[in-house]
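Please read them with the structure open.

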Amino acid sequence: MKKNKIKLYGFNNLTKTLSFNMYDICYTKSVLDRNAYISYIDEQYNAERLTNILKHVTEIIGANILNIAKQDYDPQGASVTILVCEEPVSVISNNDYISPDKNDSNSSILDGNGTNNIKCEAVVAHLDKSHITVHTYPEYHPDGGVCTFRADIDVSTCGKISPLNALNYLISSFEADIMTIDYRVRGFTRDITGRKIFNDHKFNSIQNYISEDVRNRYYMIDVNVYQENIFHTKCKLKEFDLDNYLFGFSKKDIHPGEAKEITRRLLKEMDEIFYGQNMTNDY
């Protein structure tokens, strides 16, 4: 989308936050297969791969990495946090301490070229409004079969950079069955006349930033509160092929009646996540 340039007075104080939640759903016949699926997901989306995804998100939105923290968990799951800023970064040695103005909440350490000079141990204190995080949550139904993997990604930025520009890349990185996407703009900035600006780019839906081929593959529902700059979009795959949801076996290995029951359970799981409510047992 073409953006209209706005002449601002001072720093862009708008905080823009994108929350991207994806779900991958499958069916396993045995505890052994279920554990194998969770191990597969844990390996497929380990902290190292998630870090690479978030690094690319940083490049897409035009931010600069300050610090990376990543962790794989036992028995499963992973988390990654990246602190980012809008300006290029050069690191100051630990012996050269520079203190920002404590009275300036937007203060960073700038040299004469407008470059952020960051003392390593002080990064979090100075740039806690610009970050990218991911957490993963593998889980399964206790009464059998259905397994669900969820990944939550939050991209929060201040300044001119927008996390919406990375949305298509995030979608392609996970190929999710269900997606829930939230976007919120907080605070305000001012133009050169002093007039407040509460959103620095005009659009009416998160879908404006999603490619046409993705929109054609998903059912999508919007719930937006425009006056509050709150945007919400839910997505569910249109096509359903049972073989794409079976782990450790295929449709040809089971009776048609069992295939029908498994299909019912999977579709119920997907609809409960999509609509955010439990369905009746006779679904």
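This is a predicted model: local features need pLDDT of at least 70, side-chain atom pairs count only at pLDDT 80 or more; totals for chains, interfaces and linings use all residues.

1. Tyr-40 is in helix 1 (residues 31-44), whereas Phe-247 is in the loop between strand 12 (230-237) and helix 6 (256-275), so the contact ties together parts that lie 207 residues apart in sequence. Tyr-40 is partly exposed at 43% relative accessible area, and Phe-247 is also partly exposed, at 22%, a value that is not counted as buried because that term is kept for residues under 20%.

2. Returning to Phe-188 and Phe-198, their rings also make a tilted pair, 5.9 Å centre to centre with 55° between the planes. Phe-188 belongs to the loop between strand 8 (178-186) and strand 9 (189-190), and Phe-198 to the loop between strand 10 (196-197) and helix 5 (212-217), so this pair ties together parts that are 10 residues apart in sequence.

3. Beyond these two pairs, Tyr-183, Phe-203, Tyr-209, Tyr-226 and Phe-231 are joined into a cluster by ring pairs.

4. Charged side chains also deserve a look, since Lys-29 lies over the face of Phe-249, at 5.5 Å from the ring centre, and Arg-34 lies over the face of Tyr-140, at 3.8 Å from the ring centre, both falling within the 6 Å limit applied to such contacts.

Methods
Residues are numbered from 1 along each chain as its sequence is written. Side-chain values use heavy atoms; hydrogens and water are left out. Helices (H or I, at least four residues) and strands (E, at least two) are DSSP runs, numbered from the N terminus. Buried means under 20% relative accessible area, exposed over 50%, partly exposed in between (1.4 Å probe, protein chains only). Rings of Phe, Tyr and Trp (its six-membered ring) pair if their centres lie within 6.5 Å; planes under 30 degrees apart count as stacked, over 60 as edge-to-face and the rest as tilted. A charge sits over a ring if NZ of Lys or CZ of Arg is within 6 Å of the ring centre and within 35 degrees of the ring normal.
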